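Hi,

Here is the structure I promised to pass on. Please have a look, and then read on for what I found in it.

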Amino acid sequence: MQEKIYSIITGSGRYIPTQRITNTDFLNHTFYEADGKRITRSTEEIIQKFSEITGILERRYVTDDLVASDIGYLAALDALNSSQTDGETLDYIIVAHNFGDVRAGNRRSDLVPALASRVKMKLEIKNPDTVCYDLPFGCAGWLQGVIQADFYIKSGMAKKVMVIGAETLSRICDPHDRDSMIYADGAGAVILEATHSEKPVGILAHQSQTNAGEYTYVLKMEPSYNPDYKGDDLFLKMRGRTLYEHALKAVPAVVKASLEKANIPITDVNKVFIHQANTKMDEAILKRLFEAYDVPTPEDVMPMSISWLGNSSVATVPTLYDLVSKGDMPEHQLTKGSVIVFAAVGAGVNINSVVYRIPE
């Protein structure tokens, strides 16, 4: 059998912010509907209902001295150190994010230079052939970066690529919108390398979609729901029900398409690492996926971190992978030969899926 080039993960890292924000920290918030009318239910009731739907009990926020490129750097450094990789050997650094560096007290996005260039500088990588760029693709951005890295590697354009997801959603969420309790901060990174193998390993297949049209603005930037809010700040807004209903149909179909490309039956899938959007949605997506194959949904196939880390957008999947791969979620084990599905959905509406086999 002839050897082929495959992309394998040889390192991973994460940065989990130090500020732990529990649901009770929102008790002093006043929440409004999208039409500017104050919600009549008590804040305690709002928080209770929120917890039941999302499964989120707490989340992490960065301290005032940090921005997205800082925590992206810390995740990248963890990936390099834990895998003993020389940063000078990287061909690309791709940083997925959606808002750039947003500083405490200033909600304006800072996007120049690219966050990837800032990470390279902080890592003190001197190699000019380490090419850096950013990737905005909604919450599916990190996984899209992995897909792009796979294209580079399989085409022979790269041997080693770092893909980082970093976001500080706490800086762009409306304190008067109950959806603000969903959002969190964090960063995760992986290193992908080329390997030659006769047997299919690493990234086996992937599938991406952009569902624009009527779904283009299910996530967008708008003023505060509080009509008396002072200032012209824009905040992340979400049509949650519309996104939920669409994701429930579209995400399983994208995952199924990637599995069919890889010629992998659903019964061979050991773990599903899905974007930590909210517990109810992720569990419904998983159920729909296995129903499409007329197969019972396994109980231990989907690791979840959203209950204590919240939704940190592009950082959720790489952080979750790093936690599991390093044994920090002992109830979930990755073994040689295991098949993993990565999946994500976010603004755009962008959806993607990657099928990955751990090398033996």
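Leaving aside neighbours within four places in sequence, which residues is Val345 in contact with? They are Cys139, Ala140, Leu243, Ala247, Val251, His275, Met281, Asn350 and Ile351, where contact means heavy atoms within 4.5 Å.

Before the rest, a word on the basis: this is a predicted model, in which local features need pLDDT of at least 70 and side-chain atom pairs count only at pLDDT 80 or more, while totals for chains, interfaces and linings use all residues. Residues are numbered from 1 along each chain as its sequence is written, and side-chain values use heavy atoms, with hydrogens and water left out.

Val345 and Leu259 have the most contacts inside the largest nonpolar core, which has 56 residues. By such a core I mean buried Ala, Val, Leu, Ile, Met, Phe, Trp, Tyr and Cys residues joined through side-chain atoms within 4.5 Å, buried being under 20% relative accessible area with a 1.4 Å probe, protein chains only. Helix α5 (240-262) is among the contributors, and its 10 residues are the largest share. A second, separate core of 39 residues includes Val146, Val201, Leu309 and Ile340.

Now the sheet: four strands form an open, mixed one in the order β8-β13-β12-β11 (strands are DSSP E runs of at least two residues, helices H or I runs of at least four, numbered from the N terminus; two strands pair if DSSP finds at least two bridges between them). β8 (202-210) and β11 (269-274) each have a single partner strand, so one side of each lacks a neighbour in the sheet. β8 pairs with β13 (residues 350-357) in the antiparallel sense over eight bridges, and Ala205 stands opposite Val355 in β13.

Best wishes

How values were computed. Buried means under 20% relative accessible area, exposed over 50%, partly exposed in between (1.4 Å probe, protein chains only).
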